[in-house]
Amino acid sequence: MKKILFVASECVPFVKTGGLADVVGSLPKALPADEYDIRVMIPNYHAIPFKYREKMETIYYFQMDDRIYVGVKRLVLDGITCYFIDNEQYFSGLVPYYDMFQDLERFAYFSKACLSSLPLINFRPDIIHCHDWQSALVPVYLNTVFQGDPFFRGIRTVFTIHNIRFQGTWDAGHIKWVSGLPDECFEPARLVSPFQDTSIPRSSWNCSMMRGALVYSDYITTVSNSYSGEIQTTSFGDGLDDILYCRHERLWGIINGIDYKEWDPETDKQIFFNYNVKNYVQGKRENKKAFQKELNFPVNENAFTIGLVSRLTGQKGLDLVDQIMDYLCSLDINLIVLGTGEQRYEDMFRYYAGKYPGKVSANICYSDPMARKIYASADAFLVPSAFEPCGLTQLISLRYGAVPIVHETGGLKDTVKPYNKDNNTGTGFSFAGYSSWELMDRIKHAYYLYITQRDRWEEMQARGMAEDWSWANSSKIYMDLYSRM
C-alpha cells in the first residue's frame, strides 16, 4: 500500500477559488483504494462551511518550535482522510487568501506545521505531493530542517505547478524571517535566481518560494503537456524557466481531469432538463429556453448562445473580448458571463449588459448552480486565455455539449481538437495568434456553422460529449510517476 499525502491550500468541497481545489479533491478519489492510502492536508479556514467544520474531530495539538500553536483536525469524506491544520491567528478570516505579504507568513507556517504534525498523527507518507506555491516550502523544509529526524528520511516529494504566475515572491530577508530556513536556502540557485545581482544587500535579493520547491522536489509536474514545454521558455516561465529547463527530465506534463460523476448532464440536479449524448439536441434546446426566460432574455431557441465562466483577469483574454463586443453583439447571439475578478473587467461586462439588454448577461459573482446552467444551455463556450496551464471549463463544456472556442495555448491546445470542415472532424474552434481579429474570426466561423449547417454543429457537440476527460487516463500517469518514485 503506497502512502501519499496531498498538501494544498484548497480542496473541494471544503474551499475553492480555482481549479487547484478540483484537482486536490478529485484526483485522490480516482486512484485505486486497494493500492493507495491517499490523505489530504489543508488549512482549517474559518471559510470552510459549518456543515463540514462541525464534523471535524481534533486529533492532536502541540506547540511548534515551542511557541506556535498547531492543531490538527480530521474528517473522512468519500473514503478520503482529510486533515486540517488549525491556527486561528492565521486561518480565521472569511476568505482563504489575504495579500501576498501576509500570505507568505501564513503558508510558511502551514508548510512547516504539515511536516511537524506527521509523527504525532502517526502517518508517515512515502510521497508528499505538494500543490502550488502555498505548499512550496514543504520540500525545502523536508530536505533541510527536518533531515535530522530519522522519521523524515527517505520521504519523497513531487511538486505540481498549477499556475507559475503565482510563486510566493518577496525579498529574501522577509522570506527568511517568516520561514526560519537556514542561510544555505537563500544562496543563488536555491530560493534565489542564479542570475541574482549579488552586489546588492543579500536581504534585498528577490526570492521565490516556488523556486525552492522546483530545486528541492524529487519530481515536478504541471497540468498539461503543452504547458510543461511553454514554461521552459522565457515567454512563459516567469523567471523560473532556467530551473525548469535544467530539470526537464524530472518535469512531467499531466493533463487535469474532471470528476465525471460530479459533472454529468444526465444526473445534474442544478440544470433545468437532464440529457445525455443520445438526446442532447432536445435537452440543450430546453435548457436554453428555460435559462433565457430566467435571465429575462427573449425566448429564442435559435439564438447562438455563448457561455463564459471565468475569473475576470487579464490572463483570461478578456482584453480581446472587449475589442470585439460591439461587433459580436451585432449578431443574433446571447452572451452569458459569470465570474469575479479585476474591477475593469467586472465593469466592462456590466457596461455591455446595460448597452445590450436581452443579449448580454453579466453575473459578477460565482454561483455553482448558475455555472451549470450556462454549460447546459450554451451552444458555444469561450476560453480565449492568453495562457492557460490546463483549464477545466473547456473540459466541462465538452461534457455538457457546449462547443469550446479557445486560444491555442497550454491545456487548451491539448484538449480541444480544431474543427476541420473537409473531413468533418474536431471538437471545437481554436486560434493561434493572440489577437482580437483571430478570436472574432473563430467566433464567426462557429456562428455561421451553427446557422447554416446545424447538422454538422450537432455532430461536433456529440463528438465532444463522447470524449473522456475524466481522471481515468491521467490517474494512470500519476500512478506511473508514484511507482517510479
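## Helix α10 and what covers it

In this predicted model, the buried residues of helix α10 are Y280, G283, K284, N287, K288, A290, F291 and Q292. Among the elements that cover these buried residues are strands β12 and β13, along with helices α13 (368-377), α16 (436-452) and α17.

The helix itself spans residues 280-294, which makes 15 residues. From the first C-alpha to the last, α10 reaches 21 Å, close to the 21 Å expected at 1.5 Å a residue. Just after α10 comes N296, a residue to look at if you enjoy backbone angles: its phi is positive, at about 65°.

How many cavities of 30 Å³ or more does a search of the whole structure find? The search finds one. The volume of the largest cavity is about 30 Å³. Rolling a probe the size of a water molecule over the atoms is what shows where empty space is left.

The lining of the largest cavity is made up of K288, F291, Q292, L295, F297, T305, N334, I336 and S377. Two elements, α10 and β13, each give two or more residues to this lining. Helix α10 gives the most, with three residues.

## The parallel sheet

Six strands form an open sheet, in the order β14-β13-β12-β15-β16-β17, and the pairing is parallel. At the edges are β14 (360-363) and β17 (429-431), each pairing on one side only. On average, neighbouring strands of this sheet are turned by 15° against each other, direction ignored.

At one end of the order, β16 (residues 403-407) and β17 pair in the parallel sense over three bridges.

Helix α12 (residues 343-355) lies across β12 (304-309), β13 (333-338) and β14, and runs at about 145° to β14. Helix α17 (residues 454-466) lies across β12, β15 (380-383), β16 and β17, running at about 80° to β16.

## The mixed sheet

There is also an open sheet of nine strands, with the order β3-β4-β5-β2-β1-β6-β7-β10-β11 and mixed pairing. Its edges are held by β3 (57-64) and β11 (251-253); each has a single partner strand, so one side of each is left without a neighbour in the sheet. Here the neighbouring strands are turned by 25° against each other on average, direction ignored.

Within this sheet, β6 (residues 127-131) and β7 (residues 156-161) run parallel and are joined by five bridges. Which residue of β7 stands opposite H131? That residue is T160. Helix α7 (residues 209-216) lies across β7 and β10 (219-222), running at about 135° to β7.

## P96, a buried loop residue

One last stop is P96, found in the loop between α3 (88-91) and α4 (100-117). Is P96 buried or exposed? With a relative accessibility of 9%, P96 counts as buried, because the cut-off for buried is under 20%.

Leaving aside neighbours within four places in sequence, P96 is in contact with V15, T17, Y45, R106 and F107. The C-alpha atoms of P96 and E10 are separated by 8.3 Å, although these two residues are 86 residues apart along the chain.

Technical notes
Residues are numbered from 1 along each chain as its sequence is written. This is a predicted model: local features need pLDDT of at least 70, side-chain atom pairs count only at pLDDT 80 or more; totals for chains, interfaces and linings use all residues. Side-chain values use heavy atoms; hydrogens and water are left out. Two strands pair if DSSP finds at least two bridges between them. Helices (H or I, at least four residues) and strands (E, at least two) are DSSP runs, numbered from the N terminus. Axes are lines fitted to C-alpha atoms, for helices over the stretch in contact, and angles run from 0 to 180 degrees between N-to-C directions. Contact means heavy atoms within 4.5 Å. The expected span of a helix is 1.5 Å times one less than its number of residues. Buried means under 20% relative accessible area, exposed over 50%, partly exposed in between (1.4 Å probe, protein chains only). On a 1 Å grid over the protein atoms alone, a cavity is a set of points where a 1.4 Å probe fits but cannot get out, and a pocket is an open set with protein on both sides within 12 Å along at least five of seven lines; lining residues have an atom within 4 Å of a point. Grid points are joined across faces, edges and corners, and a volume is the space filled by probe spheres set on the points.
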